[in-house]
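Student: I would like to go through this model with you. Could we begin with the overall fold and then turn to particular helices and residues?

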Amino acid sequence: MSRTDRTTVRTRAAERRAHADYTGGVYGSMLAASVVIGAGTLGSFPRLQLVLLLLLTSGVFWIGHVHAQLFGARLAQQPLDRHTVLHVCRDEWPIVKAAVPPAVAVAISPLLALDEQGAVWLALSVAVAGQVGWSVAAARRAGAAWRLLTATALVNLLLGLLILSFKIILTH
C-alpha cells in the first residue's frame, strides 16, 4: 500500500470516528443491564446462559435497529446499496459492543470467586459504567464543555442507578 493510500485510509478512519454516534452504546448498555436484571430475578441460572442471552439479545436489537434505519428512514430518502447497508450496520454496532463487557464480567466471575448473584451485580455494575462511559465519549466527541460532560455522566449514572434499583425492588 502506498503512502497516499495509507493516508487516505487513516483520514477516512478519522472521519468515521469524528462522526461516530455513541447513542447505540448508551442504549446497548441499558439493554444489557435490563437483560441482566431479568435473568437475575429468575433465580439460579448457568453463567453461560446469561453470557449468551446478553450477546444474542444485543444482536437481535442490533438487527432491529439496522432494519429500522434501512427500511424506515433511509428507504424513503435513498435507494439501498451495499455501501448504505454496511454504513448502517457499522453505525448501529455499538449496541452489540456495549453487551460485551457485561458478558465478559459474567464469564470471568468464577475467577473472582463470585456466586451467581455476585456475577449479576458485577455485570450490572459494568453495564452502568459502560452506559456512563459511552455517554461521556459521545459528549467528548461532540466537543462538549466539561460542564456538559459532567451533566451527561450524572444523568446516565442516575439512569443506571434507577435500573439497579429495579433489581433491588424485584428481588426483595
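Tutor: What follows is a discussion of the fold, the helix packing and a few individual residues.

Student: What should I know about the source first?

Tutor: This is a predicted model, in which local features need pLDDT of at least 70, side-chain atom pairs count only at pLDDT 80 or more, and totals for chains, interfaces and linings use all residues. Residues are numbered from 1 along each chain as its sequence is written, and side-chain values use heavy atoms, with hydrogens and water left out.

Student: How many helices and strands are there in the protein?

Tutor: The protein has eight helices and zero strands, and along the sequence the pattern reads α-α-α-α-α-α-α-α. Helices (H or I, at least four residues) and strands (E, at least two) are DSSP runs, numbered from the N terminus.

Student: How much of the protein counts as buried?

Tutor: Of its 172 residues, 35% count as buried. Buried means under 20% relative accessible area, exposed means over 50%, and partly exposed lies in between, with a 1.4 Å probe and protein chains only.

Student: And what share of the contacts is between residues 24 or more positions apart?

Tutor: Such pairs account for 73% of the contacts with a separation of 6 or more. Contact means heavy atoms within 4.5 Å.

Student: Let us take α2. How many of its residues are buried?

Tutor: Helix α2 is mostly covered, with 13 of its 18 residues buried. From first C-alpha to last, α2 reaches 26 Å, close to the 26 Å expected at 1.5 Å a residue. The expected span is 1.5 Å times one less than the number of residues.

Student: At what angle do α2 and α7 cross?

Tutor: The axes of α2 (residues 23-40) and α7 (residues 116-141) cross at roughly 165 degrees and come within 8 Å. That makes α2 roughly antiparallel to α7. Axes are lines fitted to C-alpha atoms, for helices over the stretch in contact, and angles run from 0 to 180 degrees between N-to-C directions. Angles under 35 degrees count as roughly parallel, over 145 as roughly antiparallel, 65 to 115 as roughly perpendicular and the rest as oblique.

Student: Which residues make that contact?

Tutor: On the α2 side they include Gly-25, Val-26, Ser-29, Met-30 and Ala-33, and on the α7 side Val-120, Leu-124, Ala-127, Gln-131 and Trp-134 are among them. By class, the contact of α2 with α7 holds 11 nonpolar, seven polar and no charged residues. Ala, Val, Leu, Ile, Met, Phe, Trp, Tyr, Cys and Pro count as nonpolar, Asp, Glu, Lys and Arg as charged, and the others, Gly among them, as polar.

Student: How does α2 pack with α8?

Tutor: Helix α2 and helix α8 (residues 146-171) pack at an angle of about 10 degrees, with axes 9 Å apart. The two are therefore roughly parallel to each other. Val-26, Met-30, Ala-33, Ile-37 and Gly-40 of α2 meet Asn-156, Leu-159, Ile-163, Phe-166, Lys-167 and Leu-170 of α8. That contact has eight nonpolar, two polar and one charged residues.

Student: Back to Gln-131. Is it buried or exposed?

Tutor: Gln-131, in helix α7, is buried, with a relative accessible area of 0%. Not counting residues up to four places away in sequence, Gln-131 touches Val-26, Ser-29, Met-30, Asn-156, Leu-159, Gly-160 and Ile-163.

Student: And what does Thr-152 touch?

Tutor: Thr-152 of helix α8 touches Ser-135, Val-136 and Ala-139, with residues up to four places away in sequence not counted. Thr-152 is buried at a relative accessible area of 19%.

Student: Changing topic, what is the phi of Ala-113?

Tutor: Ala-113 has a positive phi of about 60 degrees although it is not a glycine. Most residues other than glycine have a negative phi. Ala-113 is found in the loop between α6 (100-108) and α7, and at 70% relative accessibility it counts as exposed.
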